[in-house]
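Student: I have a structure open and want to go through it with you. Can we start with the ligands?
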Amino acid sequence: MLNEQGATTVVTAPVSVAVRPHRHGPDAGSSSTGHSGTPVMPEEGPLIDRYGRVHNDLRISVTDRCNLRCVYCMPEEGMTFLPRAELLDFDEIVRVARVARDLGVTSLRLTGGEPLVRKGLPELVSNLATLGFDDLALTTNGMELARQASSLASAGLTRVNVSCDSLRADRFESIRRRGDLRTVLDAMDVAESVGLSPLKVNVVLLRGTNDDEILDFAAFARDTARIVRFIEFMPLDAEGKWERSQLVPGRQVLDRIAAVWPLEVASDHAGPAPAERFRFVDGRGEIGLISSVTQPFCGTCNRLRLTADGAIRNCLFSDDERTVRDVLRGGGSDADIGQMFRRSVWAKFPGHAINEPEFLRPARSMSMIGG
Ligand code: SAM
Ligand code: SF4
C-alpha cells in the first residue's frame, strides 16, 4: 500500500493475540473433558489450535550438521552434533510426513542444518513427492546445490530457498566463515536451469555488517527476478550472543528500498506466509521481509516443525517438543503419530513472546531445530 509520499506502508498481522513468555506450551489436556468456555481438542479434521489457526505447513530438518559456520547461527568451532542413530531415517521421515499429509498438511520444506549434507537426499525427496504435497521445497546454503539440483528436481522438488548474506566475496566469507559466494551464485543459476523456481534468496541482515548492501540486494532482485527476503536476526544463534541492537528492522529495509524504487504490497499478512511481500511498482521483481522480531506474524502461523532427531515442535521459540521417534521405534501406530501432532498443535501458544521481558531463549538453536 503506498502513502502520499510514494513510500510503502506496512500492513500488520490482522489477528491480534496476547503473548506470554514460555518454555513449554500449555498442557494439551484431555480431548474429551472440555468444560464450559474451554475449547476441546478436535479428534478429526484439520490440525487446528486453540486460537483457530490451521496448520498445513511442515518444516522437516534432515540433519543438524552443516558445512558452513554462519556467525548468526553456529560457533566457528566446538559445535556438537547428534549421533547418527538418533536421526530419523528416510522411512521414518516419510511415514511422519504421510501422517501429516493425512491431517491436512499441504506444504513441506526440507531444512537443517544443511540438508544437502545428508547423503541420498534426492531419494527422500522422491519418496516424499509421491505423497502428493502442493509444495515440496528446500532451504539450503547453496554449497552442494549445483551438484544435486538436477537430481532433486527430477525427484520432485518444486523450488529452493538459497541463503546468501552478502554479494561481496570477502564479506560473504567472513559472515559464513566457510564456503564462497561464486559457488552459491552459480548454484542459483543451475537450480533455475532445472526448473527449481521461483528461487528465493534469504539474507540475514546484521547491523554494521551487511546492512549497507540492502540496495545491492534490491537491485539483485530486480535484475534476476529472484525473490530476495530480508530476515531479522533472531535470538536463535547457538552461542547465545544475540542482541536486539544487531538486527535491522524490516520497516527500515522497506523504507530504504522504497526511497529508491517504489514498492507496493504484493500480499499482506492475511495469509500465513512469514514474509511480507512487496513488488517493485515498475514491475521488475519482488522482495520479502521476514520481520519475526519487530513485527511477529504469530497470529497467522500455520507452521509445524520436525527436528532431525524426531521431535515435533509447534514453534521455533518454544521448547514444547514431542518425540515422535519414540512412537516410531516403539511400535506405535499412525494414529499415535497423528495424536502427537494434534496435541502439539493444541499446546501452541498464541505468540513467541520475544518482545516480552520474561522471554527465555529456547534450549535448542536454529540449526538444531531446523530453520
Ligand atoms: N543451512 C541452510 C541455510 O543456511 O539456508 C538451511 C538451514 S538455516 C538454519 C535456515 C535459514 O535460517 C537460513 O536462511 C539462515 O540464514 C537462517 N538463520 C539461521 N540462523 C538465524 C538467526 N539466528 N536468525 C535469523 N535467521 C537465521
Ligand atoms: Fe549452516 Fe544454514 Fe546455520 Fe549457516 S545458517 S551455519 S548454512 S545451518
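Student: Which residues come nearest to ligand 1?
Tutor: C73, S163, N202, M234 and G371 come nearest, out of 20 residues around ligand 1. A residue is near a molecule if its C-beta atom, placed from the backbone, lies within 6 Å of it. This is a predicted model: local features need pLDDT of at least 70, side-chain atom pairs count only at pLDDT 80 or more, and totals for chains, interfaces and linings use all residues. Residues are numbered from 1 along each chain as its sequence is written, while chains are lettered from A and ligands numbered from 1 in the order in which they are written.

Student: Which elements each supply at least two residues of that shell around ligand 1?
Tutor: β5 (135-140), β7 (200-205) and α10 (366-369) do. Helices (H or I, at least four residues) and strands (E, at least two) are DSSP runs, numbered from the N terminus.

Student: How many nonpolar, polar and charged residues has the shell around ligand 1?
Tutor: The shell has 9 nonpolar, 9 polar and 2 charged residues. Ala, Val, Leu, Ile, Met, Phe, Trp, Tyr, Cys and Pro count as nonpolar, Asp, Glu, Lys and Arg as charged, and the others, Gly among them, as polar.

Student: And what surrounds ligand 2?
Tutor: The residues around ligand 2 include C66, L68, R69, C70, C73 and M74. G112, G113, E114, N141, S163 and S367 are also among them. By class, that shell has 5 nonpolar, 5 polar and 2 charged residues.

Student: Switching to helices. At what angle do α1 and α2 pack?
Tutor: About 25 degrees, with the axes of α1 (residues 90-102) and α2 (residues 121-129) 10 Å apart. Axes are lines fitted to C-alpha atoms, for helices over the stretch in contact, and angles run from 0 to 180 degrees between N-to-C directions. The two helices are therefore roughly parallel to each other, a label for angles under 35 degrees.

Student: Which residues meet there, α1 to α2?
Tutor: F90, I93, V94 and A97 in α1 meet E123, L124, N127 and L128 in α2. Contact puts two C-beta atoms, placed from the backbone, within 7 Å. That contact has 6 nonpolar, 1 polar and 1 charged residues.

Student: What about α3 and α5, at what angle do their axes cross?
Tutor: Roughly 10 degrees, and the axes of α3 (residues 145-155) and α5 (residues 181-193) come within 8 Å. That makes α3 roughly parallel to α5. L145, A146 and A149 in α3 meet D186, A187, V190 and A191 in α5.

Student: Last one: how many helices and strands are in the protein chain?
Tutor: The chain has 10 helices and 14 strands.

Methods. Parallel < 35°, antiparallel > 145°, perpendicular 65-115°, else oblique.
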